[in-house]
Structure formats: structure tokens, C-alpha cells
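Please open the model in your viewer and keep the selection panel at hand. The tour below goes from one selection to the next and says what is there.

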Amino acid sequence: MDLCEEQIVERLMDSMHQGVVYVDRDGIIRRCNHVAKEITGIIFNAHVSHAAGHVEEGDIVIIADNRIGGDDGGLSERELALLNIRDKEIRQGDILVAAGIYGNGDISAQYKFLHNHLLDTPLKLDTNYMGFHVVASVDLEKKETRIQVNDAVFRLGYFNSVGNMVVIDGSTGDVKFFQAKGYSVRDEDLGRLLRGESWIAKSTEDLDIDVNGRRFLDLFDESALSERLFSVLKGQEEQVSNHLYEINKRPFICNIVPWKEEKADEPSGAFLLLQDAQNLEQLLDDRNEIIRQMEASEEDSQTEEFDYPEEMFSGFAGKSRKTREVKYMAWKASKNRFNVIITGESGTGKSKLAREIHMASNPNAPFVEVNCNAIAPSLFESELFGYVGGAFTGARSEGKIGFFESANGGTIFLDEIGEIPLDIQVKLLHVLQNKIIYRVGSSRPIKVDVRVIAATNKNLEEEVAMGRFRQDLFYRINVFPIEIPPIRERKGDLYLLINQILKQVCETYGLEQKQFSGDALRKMISYNWPGNVRELENAIERAVTLCESNIIYAEHLKIGEGSIPTTMKEMLEKEEERILEVTMLKYNGDKQLAMKELDMSRTVFYDKLKKYHIRF
């Protein structure tokens, strides 16, 4: 490559909005653009400067560490003793905020620590220490440490752990050191500095550093990323796309692309493309806006085909062609009083659509939902039509009105209508034809004005052919059929469904709104969702339960792992697991409150947590 070509490559790489590092097959960095140096902490533009130096006796040291022993250079009892912190209760993994004088055993340090990492509010030390207003805090929700000295504020975010530190000169009162991203590259870990190691100067000028010719492992930690990079360089892997890795203890979305010279069998090098995952929210916002524009464009092309008020059926998410067709049919159904049957696989949202039709048609009238699958065969008649006092053993003396009377003037939704026994189907047909019911034990007719919406995941025509469903009843309820397609046939709706469900789950449990990472979204969109919307809701609810930050990653999603429960025992266990997770989420991991809510003994409760691998 001649000089002109090298200059072109340098300019092209520096014009990109992501970090680019080119490493040759010997692990030597040959190109590294400015963005890569900035986001990995090789260079940075500080808002204030300080000279090179080290911690000296009499300096005031302020610490905000979210996990002792994590990314603080091995902070231990020995280093804490240098600040006159000699608390035997402090242990590895604790959160610590502290201020102490280096090398002075006579003046007490001020500090707070916690073993428990489930905090709703930041752990904060706010004190006047040796004439300085000092605030040190760890915010586990925002994943941020913050140290304030009088009016100067120093923030440092983290992915897994961080050891933030500020040093005040004991002689001048000036800030002589503050921690900044990329500190592990500069060997400025908190523990190392407390053990007497030196730090380098920081400048407000954005100085460049030439790293060409340096070994990759001189600047970047040995890690899962470096293993994959060297695997690609050896020709053992073709390419790595959109993987989340830590670089120098910070999260990045990484792509590794091998580069081969013409006619070469093995790579001569590889490009490492980097995006800072701590700016993921902005990346998500940018991507969301692009998707929104694409959806709006698609919506404009479909508006003429299915003409209905856009504000209708907002609770039934989706704008794909098939979903718009469903909404159009639902709008037509809402303008009339004839019977409707909604078909589709289990979990597609049949009950939600039935309620939407009712709300569009007669929102102030009663809506009664009946799950026919949950009624014992012997109780169908009394549940649907009611009974008079003394009608049978165990009946209330005052009698009871049935679902049809409760729905008078409104809508009755018969979910899983295919489960109704044949003898009750005859009586149901009579009600649909004559608008009259008879309570069990009574011969007095009661007029009812009820609109029937039925739903089933069965093929009723096959049920009729098999003699399990009456043909005349089928014709009576099949006046206006609406079929909801499964999610796998309307993948274009998944993004809207995911956002709607995620928003609802966060609002239900009073959580700050979360977002899915790109990998998590890709995982959900590529999955077929055999359980449809119900499975999607459960997966999102579980992910929110497991995720402690505002970004939900693919690792939080438990989908496509094992078969869908089919037996009663499996379904009950799945629901029990969900209830336990939701209750623990509701009480932010407080086991005592969760046990009280669920009315479980301590032994049973902990056995269930162990059985379902639920950890908080």
C-alpha cells in the first residue's frame, strides 16, 4: 500500500462513527481510528486537568466502588487500612462509598457499605470532611458512580463493576487525580494507586496517541473478545457479528471481519468494529425512528385497502397487512349486533379482540367473559343460565343469576366454545334463536338481549364432522368469522407488540421504562413464538424480572429452550414459576414480603425458588 492509499484509509476510518481497529495476523495494531481510541479510553478529553503523580501521605482519598474486588485493581483490607478503614464486616463484593486520609491512622475515615445489591435508591455518603463538601454515591439502577468535591463532579459509568476514585492534595486542597474511562488501559486501577503506583497526566486538550505497531494485548485486556479475534486471525472462524463483549471492563457491540489478500488462503489481518454499548439507548432511539418511518411508509400504502378509523383497536397492536385486515373485520363487526366467532391458535389475542369489538360497539354495557374450558361439565347449565334456590344439592337458597343474565344489554364472550358439552349446546342454540333463558329449576322464561362473541382454537368444521359439535349451532355462531393469524405469519407486528407489552409490564410493576438491546430484539424477531402473544408476554415479563438495568440483553430472554408445556402438571408448574417471579419483582427481591403475599411457609418458598432457579 503506497502513502496516498494509506492516507485515504486513515481519513476514511476517522470519518466513521464507530471505532475501527485493524490488527495483523501477528496481533499487532496497524490502524486505529480516533473514535476507537476515545471510546476505549486510550485517549479522552477531560473537563479538567491534573499532572502526573501518585497518592501521598496526607492526601484525601474518596472512593465509590460498586463491587469491592471487581474492577478496582484488587482493593482489599490492606489498601482500606491505608485510609484508616479497618472494618472486619467489609468483604469482597460489597458496595463501598468512603472518604479517608491516606497514611494517617489518627483521623477516622467516613464510609458506608452494603452486602445487599438490591437497592431502589443510590448508596450515598454526603458529608463535610476536613473542610470539603464530599458526596460519593453508587447508583445501581443507572449503573453510575458519582463523586463530588465541593462544586466539582466526577461521574463514571460501568457495565459490571467499577472502582471510582478522586484524590485531593493534602497540601493545596486541589483535586490532584480523578478516575476516567479506560483507567485499566493506563494501569490506574484504584487498588494499584493505593499501593503506591503512579498515574499519568490528564489534559483538557484532546491529544492523540499513536498506537500503530503496539501489540493488541498491550492496550486491551486478554478476554473472550481477544480469543475470538485471534481465532479469526488464525482462520478458525469466518466472522463475528454484533456480539456484546467487554473491552477493558466496559461493554461494546463488536464485529470482527477478516481481511485476506488476493489469492491468499488465510487472513492477513482483521478489522475490529466497535460501538459503545453504554450509548445503546441512543442507538436504540436512532433505530426505532428508522423502523417507525418504515412502518409509517407501509401503513400509508395499506390505508386505502382497509378503511377504518385509525384510533380504533389501539389495544390490539400491529400494522401488518394481516392485522389490518383483522382490525377492519372487527370494525365491521362492531357496527352490527350479529354473532361473531374469532378463531386462531392459542395465545393469539382472541379475548383481547373480543373486548375491543365490544368497546367499539357498546362501551357502557356489560362485557362478560366466560372461559368454557374452566367449567366442569356438570356445572355448565347453572353457570350460563343461573338457578333458583333449592334447584340442586349445594345450591344457594337465594339462587344465582347466570352469565347470560349478567351480560344482558351487552356482550357475552364464550372463549373456547368448542369445549361446551353437546347437551348444553342444544340449550345454547335455543337461547341464540329465541333470546330466552331458563334458570335451572325454573320454568319461567327470562328475556335476554345479549350479543354473543365466541372464540376457539379448534377447527369447528372438523368437530362437526366428528360429531363433537352441533352443526346447527355452528351455523348460528358462524355468522361473522374473524381469524387471527399466528405471530409467525405476521412478523411485521412483532416490534410493535414487543414495545407495547414491555411498556405495559413496566407500568404494571412501577418500573422505569426499559428497552431491548439489538441482539435481544433480533432473538425475539427470529423466533417463531408457537405460544403466540401469550408466550411473548411471559418471555418479556420474565426478562424484566431478571434484568437489573434499563437495557434488556439477549441473555435475559428464555425462549426456545425446551418444549411448550402440554400436560396439566407442566402448565401448572409454568404458571407457578411465573407467579413466583412476578411476586419477587413486585417486592424488588424482598423474600419476606413475597412469602407473605403468597402465603407460603419459608421451607416451601425456598424450595420453589431453588426448583425454578429463581435468583434475586
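Begin by selecting tyrosine 606, which in this predicted model counts as partly exposed at 29% relative accessibility; the classes used here are buried for under 20% relative accessible area, exposed for over 50%, and partly exposed in between, computed with a 1.4 Å probe and protein chains only. Rings of Phe, Tyr and Trp (for Trp, its six-membered ring) are taken as a pair if their centres lie within 6.5 Å, with planes under 30 degrees apart called stacked, over 60 edge-to-face, and the rest tilted. The structure holds 14 aromatic pairs.

Before going further, a note on conventions. Numbering starts from 1 along each chain as its sequence is written, and side-chain values use heavy atoms, with hydrogens and water left out. Because the model is predicted, local features need pLDDT of at least 70 and side-chain atom pairs count only at pLDDT 80 or more, whereas totals for chains, interfaces and linings use all residues.

Now select Tyr22, Trp259 and Phe271, which ring pairs link into a cluster. From there, turn to strand β14 (residues 269–276), which is mostly covered, six of its eight residues being buried. Helices (H or I, at least four residues) and strands (E, at least two) are DSSP runs numbered from the N terminus, and two strands pair if DSSP finds at least two bridges between them. Strand β1 (residues 19–24) pairs with β14 in the antiparallel sense over six bridges, and valine 20 stands opposite leucine 273 in β14. Strand β13 (residues 250–259) also pairs with β14 in the antiparallel sense, here over eight bridges, and the bridge partner of tryptophan 259 in β14 is glycine 269.

What packs against these strands? Select helix α6 (residues 224–233), whose buried residues are Leu225, Ser226, Leu229, Ser231, Val232 and Leu233. These buried residues pack against β1, α5 (216–219), β12 (240–247), β13 and β14, where a contact means heavy atoms within 4.5 Å. Just after α6, glycine 235 takes a positive phi of about 80°.

The next stops are salt bridges, each defined as a side-chain nitrogen of Lys or Arg within 4 Å of a carboxyl oxygen of Asp or Glu; by this rule the count comes to 22. Select lysine 176 and glutamate 56, whose side chains meet in a salt bridge at 3.0 Å, N to O. This pair links distant parts of the chain, with lysine 176 in strand β11 (residues 175–178) and glutamate 56 in the loop between α2 (34–40) and β3 (60–65), 120 residues apart. Lysine 176 counts as buried at 13% relative accessibility, whereas glutamate 56 is partly exposed at 39%.

Move on to glutamate 144 and arginine 155, which form a salt bridge with their closest N and O atoms 3.8 Å apart. Glutamate 144 lies in strand β8 (residues 144–149) and arginine 155 in strand β9 (residues 152–157), so the pair ties together parts eleven residues apart in sequence. Glutamate 144 is partly exposed, with a relative accessible area of 26%, and arginine 155 counts as exposed at 52%.

A further pair is arginine 355 and glutamate 369, whose side chains meet in a salt bridge at 3.8 Å, N to O. Here arginine 355 belongs to helix α9 (residues 350–361) and glutamate 369 to strand β16 (residues 367–371), 14 residues apart.

Finally, colour the chain by pLDDT, the predictor's confidence in each residue, from 0 to 100. The mean for the chain is 83, and 86% of its residues reach 70 or more. Among the elements of the chain, strand β17 (residues 411–415) has the highest mean pLDDT (95) and helix α7 (residues 280–302) the lowest (51). Over residues 298–304 the pLDDT is below 50, and beyond near neighbours in sequence this stretch has nine contacts in the model. Where pLDDT is low, the predicted coordinates should not be read in detail.
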